[in-house]
Amino acid sequence: MQIIADANRVSPVKTPDGAERRVLSYGDKLMLVQFTFDANVASWSHSHPHEQVGYVVSGEIDFVMDGQATVRLKAGGSYYVPSNVRHNIVTYTPTVLIDAFTPARKDFLKDEG
C-alpha cells in the first residue's frame with residue numbers, strides 16, 4: 001500500500017508506447033496513476049478487467065473506445081472505461097493524464113521494481 005506520493009519524486013516507468021507511468025497512491029481496491037505522453041503518440045488499443053476513470057491535466061487527446069464515438073479532450077476533460085472494453089488515445093500535444101483504476105493494477109506494481 002502506498003498512501004501518499006509526490007509525482008515529482010516517483011521514478012517513472014517507460015511504457016511500450018513511450019509514455020512515462022508513475023504509480024502515485026494505491027490500496028487493494030483503488031490505484032491512482034500519472035501518465036505523461038509526448039505529442040503525436042498513439043497508444044495501443046487494449047483492454048483490462050479494471051474499471052478506469054481518467055482526467056486530462058494538460059494537453060490534447062482523442063479518446064477512442066469501442067462502441068463510442070471518438071472524443072477530442074483538452075485539459076479538464078475526463079473519461080470512463082468499463083471493464084474489458086478496448087480503448088486507446090492519440091495525443092496532439094505533450095499530455096499529462098491522471099487515471100484511477102479499480103481494483104488496483106497489480107501488473108503496474110510488478111514494473112515498479
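Six strands form an open sheet in the order S1-S2-S3-S9-S4-S7, and their pairing is antiparallel. Strand S1 (13-14) and S7 stand at the edges with a single partner strand each, so one side of each has no neighbour in the sheet. Keep in mind that this is a predicted model. Let's walk through it, starting with the strands and ending with some backbone details.

**How the strands pair**

- Look for Lys14, whose bridge partner in S2 is Glu20.
- Strand S4 (residues 51-58) runs antiparallel to S9, and seven bridges join the two. Here Val53 stands opposite Ala100 in S9.
- S4 also pairs with S7 in the antiparallel sense, over four bridges. Gly54 has Tyr79 in S7 as its bridge partner.
- A handy rule for looking at any sheet is that in a regular strand the side chains alternate between the two faces.

**The nonpolar core**

- The largest nonpolar core has 20 residues, and Ile61, Phe63, Tyr79 and Leu97 touch the most other members.
- Strand S2 (20-26), S3, strand S5 (60-65), strand S7 (78-81) and S9 each give two or more residues to this core.
- Which element gives the largest share of this core? That is S3, with four residues.

**The largest pocket**

- The largest pocket holds about 350 Å³ of space.
- This pocket is lined by 23 residues, and the closest to its centre are Asp17, Phe35, Trp44, His46 and Phe108.
- Strand S3 (31-37), strand S8 (87-91) and strand S9 (95-102) are the elements that give two or more residues to the lining.
- Sorted by class, the lining of the largest pocket has 11 nonpolar, eight polar and four charged residues.

**A buried histidine in a loop**

- His50 sits in the loop between S3 and S4.
- Is His50 buried or exposed? His50 counts as buried, because its relative accessibility is 10% and the cut-off for buried is under 20%.
- Apart from neighbours within four places in sequence, His50 is in contact with Val81, Pro82, Ser83, Phe101, Thr102, Pro103, Ala104, Arg105 and Asp107.

**Backbone details to look for**

- Most residues other than glycine have a negative phi, and most peptide bonds are trans.
- The peptide bond from Thr102 to Pro103 is cis, with omega near -10°. Pro103 lies in the loop between S9 and helix H1 (106-111), and Pro103 is also among the contacts of His50.
- Asn40 is not a glycine, but its phi is positive, near 60°. Asn40 belongs to the loop between S3 and S4, and with a relative accessible area of 65% Asn40 is exposed.
- Asn84, again not a glycine, has a positive phi of about 60°. Asn84 is in the loop between S7 and S8 and counts as exposed at 53% relative accessibility.

Notes: Residues numbered from 1 in each chain as written. Predicted model: local features only at pLDDT ≥ 70, side-chain atom pairs only at ≥ 80, totals over all residues. Heavy atoms only, no water. 1 Å grid on protein atoms, 1.4 Å probe; cavity = no way out; pocket = protein on both sides within 12 Å on 5 of 7 lines; lining within 4 Å. Points joined across faces, edges and corners; volume = space filled by probe spheres on them. Nonpolar A, V, L, I, M, F, W, Y, C, P; charged D, E, K, R; others polar. Core = buried A, V, L, I, M, F, W, Y, C linked by side-chain atoms within 4.5 Å. Buried < 20%, exposed > 50% of the residue type's maximum accessible area, 1.4 Å probe, protein only. Pairing = 2+ DSSP bridges. Contact = heavy atoms within 4.5 Å.
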